[in-house]
Amino acid sequence: MDNDMDLILKAATGARSMRAIATRIGMEPSTLNRQLRDLPVRTLVAICRAYGIPVVPMFVKVGYITAEEAASGMLEQALANASDAELMAETLKRVQAGKASSAITGPIDVSALDEDADDNLDVTNEVRSSYGRAAQKGPRKAEQPFAE
């Protein structure tokens, strides 16, 4: 396994030798070579940080965790952290690439829409009267000079 770890680390970092990796993380090369048989997590994290390598995929690569373990929760977290603009940009990319599902690109089933959806809203009378005022016809304030 230490030979495999040696190859994995060199490939991931682009370093020519374990000595170069050890030097970069401030460790004695002999210490790193001894640790290759059972590489401590803290050493792998130090290597990842020193070379700008994402830690979680590296954990998968060296066998510390499975791909399923790495993915669990990451999707939900990424979606929760994404802005509306990022979500819409991704949706647009999928549509343009022809990779969007029919749920996005297909026709809307209007029979499935709830026509009485407004009845389910909990709104105050003040809000209801604002809806009525907004729907009234007449000149827009923007069209009136010096409108307030």
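Colleague: What is the relative accessible area of Leu-87?
Modeller: Leu-87 has 33%, so it counts as partly exposed. Buried means under 20% relative accessible area, exposed means over 50%, and partly exposed is in between (1.4 Å probe, protein chains only). This is a predicted model, where local features need pLDDT of at least 70 and side-chain atom pairs count only at pLDDT 80 or more, while totals for chains, interfaces and linings use all residues. Residues are numbered from 1 along each chain as its sequence is written, and side-chain values use heavy atoms, with hydrogens and water left out.

Colleague: Where is Leu-87 found?
Modeller: In helix H8, residues 84-97. Helices are DSSP runs (H or I, at least four residues), numbered from the N terminus.

Colleague: Which residues form a nonpolar patch with Leu-87 on the surface?
Modeller: Leu-75 and Leu-79. Together, Leu-75, Leu-79 and Leu-87 have about 270 Å² of accessible area. That area comes from the Shrake-Rupley method with a 1.4 Å probe, with only the protein chains shown counting as cover for residues. Patch members have over 30% relative accessible area and no salt bridge; nonpolar side chains (Val, Leu, Ile, Met, Phe, Trp, Tyr) are joined within 5 Å, like charges within 9 Å.

Colleague: Switching to charges. How many salt bridges are in the whole structure?
Modeller: A search finds 3. The test is a side-chain nitrogen of Lys or Arg within 4 Å of a carboxyl oxygen of Asp or Glu.

Colleague: Which residue does Arg-94 pair with?
Modeller: Glu-90, with the closest N and O atoms 2.9 Å apart. Arg-94 and Glu-90 are 4 residues apart in helix H8, so about one helical turn separates them. Lys-93 also forms a salt bridge with Glu-90, at 3.5 Å. Salt bridges that share partners join Glu-90, Lys-93 and Arg-94 into one network.

Colleague: Glu-90 and Lys-93: buried, partly exposed or exposed?
Modeller: Glu-90 is partly exposed at 32%. Lys-93 is exposed at 53%. Arg-94 counts as partly exposed, at 45%.

Colleague: What about Asp-6, which residue does its side chain meet in a salt bridge?
Modeller: Lys-10, at 3.0 Å, N to O. Asp-6 is buried at 13%, whereas Lys-10 is partly exposed at 26%.

Colleague: Now the inside. Which residues touch the most other members of the largest nonpolar core?
Modeller: Leu-9, Ile-21, Leu-32, Leu-44 and Ile-47, out of 20 residues. The core is a set of buried Ala, Val, Leu, Ile, Met, Phe, Trp, Tyr and Cys residues joined through side-chain atoms within 4.5 Å. H1, helix H2 (18-24), H4 and helix H5 (55-62) each supply at least two residues.

Colleague: Which helix gives the largest share of this core?
Modeller: H4, with 5 residues.

Colleague: What is Ile-47 in contact with?
Modeller: Leu-9, Thr-13, Ile-21, Ile-25 and Leu-32, leaving aside neighbours within four places in sequence. Contact means heavy atoms within 4.5 Å.

Colleague: And Thr-43, buried or exposed?
Modeller: Buried, at 3%. Thr-43 sits in helix H4, residues 41-51. Leaving aside neighbours within four places in sequence, Thr-43 is in contact with Ile-25, Met-27, Leu-32 and Gln-35.
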